[in-house]
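This report covers a chain with its sequence and 3D structure. Please look at both before reading on.

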Amino acid sequence: MLWLVMAVLSALFAGLTAVLAKCGIKKTDSDVATALRTIVVLLFSWMMVFLVGSADTITQIDEKSFLFLILSGIATGASWICYFKALSVGDVNKVVSVDKSSTILSVLLAILLFRETNNLPVKLFATGLLFGGVFLMIEKKNSGNQETKRIWLPYAIGSAVFSALTSILAKIGITGVESNLGTAIRTAVVLVIAWGIVFFKGKHYQLKEIDRKEILFIALSGIATGASWLCYYYAIQNGIVSVVVPIDKMSILVSVVFSYIVFGEKLSKKATVGLLLMVCGTLAMAIWG
């Protein structure tokens, strides 16, 4: 059950990524920080490839696996584009609520495409708990600004769909491929997309203005991201997608704990109930799914 341990570690590192990234984007633009962080992830990924000695096997990857690894990277980039576009034109809480539905989509797609139907009633019940938890975790904020258009909705839906597709495409792409190598190839695609966004939006000039302390936190968040991805794709390759994905999403629990310790952020009673539902749903999926 090493894949299950890797899934838990993936969530741990992903949770740390969120906290470290928050420390690194107080002044730095999020798109620029993401592009810089992706460089660190890419270096970390290829370092692991050479460490385990799988670089030579890149020529042995068949066309189908290579194609799906690239598609997985593109899906990740597309998810980011849709997500930030939705946030720029819509209400944050509404956008996040739709985006978080990617967990539900991933589980359902895994059941349909990979026939992961063992203990199906438990999986569906756990998925329901996850849905309820995500719903309760969304905090409504009082704001005087009202949306005049619903143009954010297609982008938010796109973010959730592409995020869910990332896991499915990666599962197909890393079949027969060493997980570290698969992660490195996929990260290279994400890097191109991330920097494409920076140059497309004309934000590359901001690179000279980044605070050195924030660069350190961006780099650390990149290392945490790389570690999370390596663990995640090992778990995806060797485990059950409908179990791995919910566990990975439990990074929110890690983020909540460290956010309280570092930033003093507290959850409301409603959000706490939502978090408990997500934990129960994830445990049910991991133990009985």
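Which residues does Gln206 touch, not counting residues up to four places away in sequence? Gln206 touches Asp29 and Val32, where contact means heavy atoms within 4.5 Å.

## Basis of the report

This is a predicted model, in which local features need pLDDT of at least 70 and side-chain atom pairs count only at pLDDT 80 or more, while totals for chains, interfaces and linings use all residues. Residues are numbered from 1 along each chain as its sequence is written, and side-chain values use heavy atoms, with hydrogens and water left out.

## The loop between H8 and H9

Gln206 lies in the loop between H8 and H9; helices here are DSSP runs (H or I, at least four residues), numbered from the N terminus. The C-alpha atoms of Gln206 and Asp29 are separated by 8.0 Å, although the two residues are 177 residues apart along the chain.

## Salt bridges

The whole structure contains 3 salt bridges, a salt bridge being a side-chain nitrogen of Lys or Arg within 4 Å of a carboxyl oxygen of Asp or Glu. Asp29 forms one with Lys203, and the closest N and O atoms are 3.1 Å apart. This pair links distant parts of the chain: Asp29 is in the loop between helix H1 (2–24) and helix H2 (30–52), and Lys203 is in the loop between helix H8 (179–200) and helix H9 (212–238), 174 residues apart. Lys203 counts as buried at 16% relative accessibility (buried means under 20% relative accessible area, exposed over 50%, partly exposed in between, with a 1.4 Å probe and protein chains only).

Asp31 forms a salt bridge with Lys201, with 3.1 Å between the closest N and O atoms. Here Asp31 belongs to helix H2 and Lys201 to the loop between H8 and H9, 170 residues apart. Asp31 counts as buried, at 7% relative accessibility, whereas Lys201 is partly exposed, with a relative accessible area of 43%. Asp31 also forms a salt bridge with Lys203, the closest N and O atoms being 2.7 Å apart. That pair is 172 residues apart.

## Helix H8

The end C-alpha atoms of H8 are 31 Å apart, which agrees with the 32 Å that its 22 residues should span at 1.5 Å a residue; the expected span is 1.5 Å times one less than the number of residues. Because 17 of its 22 residues are buried, H8 is largely enclosed by the rest of the structure. Gly202 follows H8 and has a positive phi, near 70°.

Helix H5 (residues 102–114) has 13 residues and reaches 17 Å from its first C-alpha to its last, close to the expected 18 Å. Its buried residues include Ser102, Ser106 and Ala110. Arg115 follows H5, with a positive phi near 55°.

The axes of H5 and helix H6 (residues 120–137) come within 10 Å and cross at roughly 165°. Axes are lines fitted to C-alpha atoms, for helices over the stretch in contact, and angles run from 0 to 180 degrees between N-to-C directions. H5 and H6 are therefore roughly antiparallel to each other, a term for angles over 145 degrees. The contact is made by Thr103, Ile104, Val107, Leu108 and Ile111 of H5 and by Leu120, Lys123, Leu124, Thr127, Leu130 and Phe131 of H6. Of these H5 residues, Thr103, Ile104, Val107 and Ile111 are among those that are buried.

Key:
Helix = DSSP H or I, 4+ residues; strand = E, 2+ residues; numbered from the N terminus. Parallel < 35°, antiparallel > 145°, perpendicular 65-115°, else oblique.
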